[in-house]
Amino acid sequence: MEKMVNIYLFGKQYSVPEQLTIMRAMEYAGYQLVRGCGCRNGFCGACATIYRIKGDRELKTCLACQTKVEEGMYIATLPFFPLVKQVYDIEKVSPTQQIMMQLYPEIYACVGCNACTKSCPQSLNVMQYIAYAQRGEFDKCAEESFDCVMCGICSTRCPAGISHPQVAMLARRLNGKYLAPRSAHLENRVQEIHNGTFNELIEALMGKPVEELQELYNHRDIEK
Amino acid sequence: MYATEFQESLKAVEAAREANIACEPARMTAKEKEDLLAAYHPDYKKSEFATLRVGPNKGEAVPRELCELLEANSRIHADDVDLSDVRYDVDVLVIGGGGAGASAAIEADAAGARTMIVTKLRIGDANTMMAEGGIQAADKENDSPAIHFLDAYGGGHFAAKRELLAKLVCEAPEAIAWLNNLGVEFDKAPDGTMITTHGGGTSRKRMHAAKDYSGAEIMRTLRDEVLNRGIPVVDFTAAVELILDGKGRAAGAVLMNMETRELMVARAKTVIIATGGAGRMHYQGFPTSNHYGATADGLVLGYRAGAKLLYADTLQYHPTGAAFPQQIFGALVTEKVRSLGAKLVNRQGRVFMHPLETRDVAAASIIRECTARGMGVDTGSGEAVWLDTPMIERIGGEGTIESRIPAMMRMFMRYGIDIRREPILVYPTLHYQNGGLDINVDGMTPNVENLFVAGEAVGGIHGRNRLMGNSLLDVIVFGRSAGKNAAQTAKTVRPGKPTLAHIGKFDAERAAAGIRTDAVSPRLLPDYTRRSSET
């Protein structure tokens, strides 16, 4: 017999098997989810959730697909939160501090409360990556924020109204496009392909009978 | 930390670790692979397949669950919808908001077409977001598109459409460069050299990655670009039926708001199906690594309108789905774990195969270990084998796991398992739809004009099995191509009078075949209500 626990979905009590995640518990209770459910594996950030254990003062945050239910859990999901996403032309911006001041000036209103970091279900140091963004250190901001799933929980807790995931998104794109070293071997290969360097090789393969390709495949040399 | 029932086997794994790191198991011969697949791969289990009785692939076998959907009733009748009441009027309609749909929309927009994305969940709720290990491209000195072609062609059992595969490998370096230019952060050495590794079945190290968030990094960048361009994204809205014109050409779709159930008409000059895979169909009762909306919708939409399927009888079971703990049952454990040196080990601590065989072979080998050979570990909800992750730290040095596969580390740490110190339990999980709608090299279906398909909904690019890292590649290469070609085609198309007559035609064919069914399709979402497990 499964051991059951009592949880409260938007305040209403349900008894559910204790091994379930919050997401599975909602389904077990009868919810056919449309919002608040995406990849179900902790990558997409669709299932931001806020909860409190009965008798506990602390408000906790998590991804519903990655968190087991507990006895006395009061649960509210946050399937949508109005983050601010500024639009820009990636070809026309440059990776300087100026761009953050233009697009996301509210980051300079950060009061240093650290509520964003405390709430992050990915355990990222959110306040630190915002500090890097303020200083125009986009490589560091990119690295510190890399595992962000853009669930937006940090922004729900921010007294300055910062949309942290969007700030980090901009920093990562600037870093990936402008700051990270260029890959000469990649650019060369693209050029070679444009020049038709491999056309003959490919066409020769395409024209071979299957038996011959099987031979080639079964005896190909594999890099160690 | 594992409970006591695992301790005995765990001790055997630990005791054998040093010897197992040194051991280089032989790769299987072509004959050994063939026999193994025939005996243990789920694709070969005849009782799980049914023969289609209607539609363009009549007489061919597909998974039973898919057969039911393909033969099912439409969600609408032709007279439920007033086709003259047009809510959205665009040049290019993209159905699906994953990697292929976003790439297609960006290119169609860049080509000047009025483009719209419609998606039943949010943009980015897609298998692309969950791809962990990487993306292939032959861009190193010792590699070439021809070598990439041979690896993929052989890995797919020599069944790929050659012209599609040639396009995939030849446009791969350009795809990586395009992504990099959009700002995707690839793992690079300080001099800019891409850090690349092997995947199962590759003969050169050509797997490019962004840690083990490769797909997420690509998807969030594409999504950001779609939004920057102001391309309309109509979310929480599903396409439930294609609209054709009098000449049988694609001319739009009937849309349904997922929350209010309102039906709407989207008119378009060309349509791109980029609806992804089918893991949530749970074929043969397998768990899945796929996102919530992976229910084969595009196959159904295309099939009912007359488009043909290719290789719809072949699915990919990823060899290493998480088998324990139960909360992450079926979740993907990226192949990169094996690329970095972890080996598969049975209950007694023995390495039973080369860790980098192709996925179908690896999956069949694990199933054999857990069934006929009785060498699996009982997890309480089935059998599994060990994937010895601590080997990675021994081979690559301490810190390798945290820097190269942080998502894996986090996923298991949430349940108290430190994969740097303890191995993990794995079993095959339903991962990828090898088959799908047939396309020509421009991405259009041969049977329905002006209907394009891109991404996992396509069949024939990979053949009957797909290599790691070729799917992220295919969503980019064929997504971009479909977007460009759909935009180009839209310039000259003059659609005729819109019609839903194909629904009635399909109904008549079903009735003539003597099929009685209450099922409706596309499915849109799985139903997990009032059940304590997904399968």
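1. Strand E1 (residues 4-9) and strand E2 (residues 12-17) of chain A pair in the antiparallel sense over six bridges. Two strands count as paired if DSSP finds at least two bridges between them. Helices (H or I, at least four residues) and strands (E, at least two) are themselves DSSP runs, numbered from the N terminus. Look for A:Asn6, whose bridge partner in E2(A) is A:Ser15. Two residues lie between the strands of this hairpin, and A:Phe10 in the turn has a positive phi of about 50 degrees.

2. A word on what you are looking at. This is a predicted model, in which local features need pLDDT of at least 70 and side-chain atom pairs count only at pLDDT 80 or more, while totals for chains, interfaces and linings use all residues. Residues are numbered from 1 along each chain as its sequence is written, and chains are lettered from A and ligands numbered from 1 in the order in which they are written.

3. Now find A:Cys62, in strand E4 (residues 60-63) of chain A. Is A:Cys62 buried or exposed? A:Cys62 is buried because 21 other C-beta atoms lie within 10 Å. The cut-offs are these: a residue is buried with 20 or more other C-beta atoms within 10 Å of its own, exposed with 12 or fewer, and partly exposed in between, with C-beta atoms placed from the backbone. Apart from neighbours within four places in sequence, A:Cys62 is in contact with A:Thr49, A:Thr67 and A:Pro121. Here, contact means that the C-beta atoms of two residues, placed from the backbone, lie within 7 Å. A:Ile153 is 91 residues away from A:Cys62 in sequence, yet the two are 8.3 Å apart in space, C-alpha to C-alpha.

4. For a contrast, turn to B:Gly514, in the loop between helix H17 (501-512) and strand E25 (520-521) of chain B. B:Gly514 counts as exposed because it has 7 C-beta neighbours inside 10 Å. Its C-alpha atom is separated by 49 Å from that of B:Ala137, 377 residues apart along the chain.

5. Next, the domains, whose bounds come from an automatic or database domain assignment. Chain A has domain 1 (4-77), domain 2 (97-179) and domain 3 (186-218). Taken over C-alpha atoms, the centres of domain 2 and domain 3 of chain A are 45 Å apart. Chain B is divided into domain 1 (4-40 + 316-430) and domain 2 (73-314 + 434-501), with 31 Å between their centres, again over C-alpha atoms.

6. How do the two domains of chain B meet? In this contact, 26 residues of domain 1 of chain B touch 27 residues of domain 2 of chain B. On the domain 1 side, E16(B) gives the largest share, four residues. By class, that side has 12 nonpolar, eight polar and six charged residues. Ala, Val, Leu, Ile, Met, Phe, Trp, Tyr, Cys and Pro count as nonpolar, Asp, Glu, Lys and Arg as charged, and the others, Gly among them, as polar.

7. The chains touch each other too. How many residues does the contact take from each chain? The contact takes 64 residues from chain A and 68 residues from chain B. Among the elements of chain A that each supply at least two residues are helix H1 (22-29) and helix H7 (164-179). The side of chain A that touches chain B has 34 nonpolar, 14 polar and 16 charged residues.

8. Two packed helices are described by the angle between their axes and the distance between the axes. The axes of helix H4 (residues 99-110) and helix H16 (residues 470-490) of chain B come within 7 Å and cross at roughly 35 degrees. Axes are lines fitted to C-alpha atoms, for helices over the stretch in contact, and angles run from 0 to 180 degrees between N-to-C directions. The residues of this contact divide into 12 nonpolar, five polar and three charged.

9. Finish with strand E6 (residues 115-118) of chain B. Both faces of E6(B) are covered: B:Thr115 and B:Ile117 on one side and B:Met116 and B:Val118 on the other are all buried. Strand E5 (residues 92-95) of chain B pairs with E6(B) in the parallel sense over four bridges, and B:Val94 has B:Ile117 as its bridge partner.
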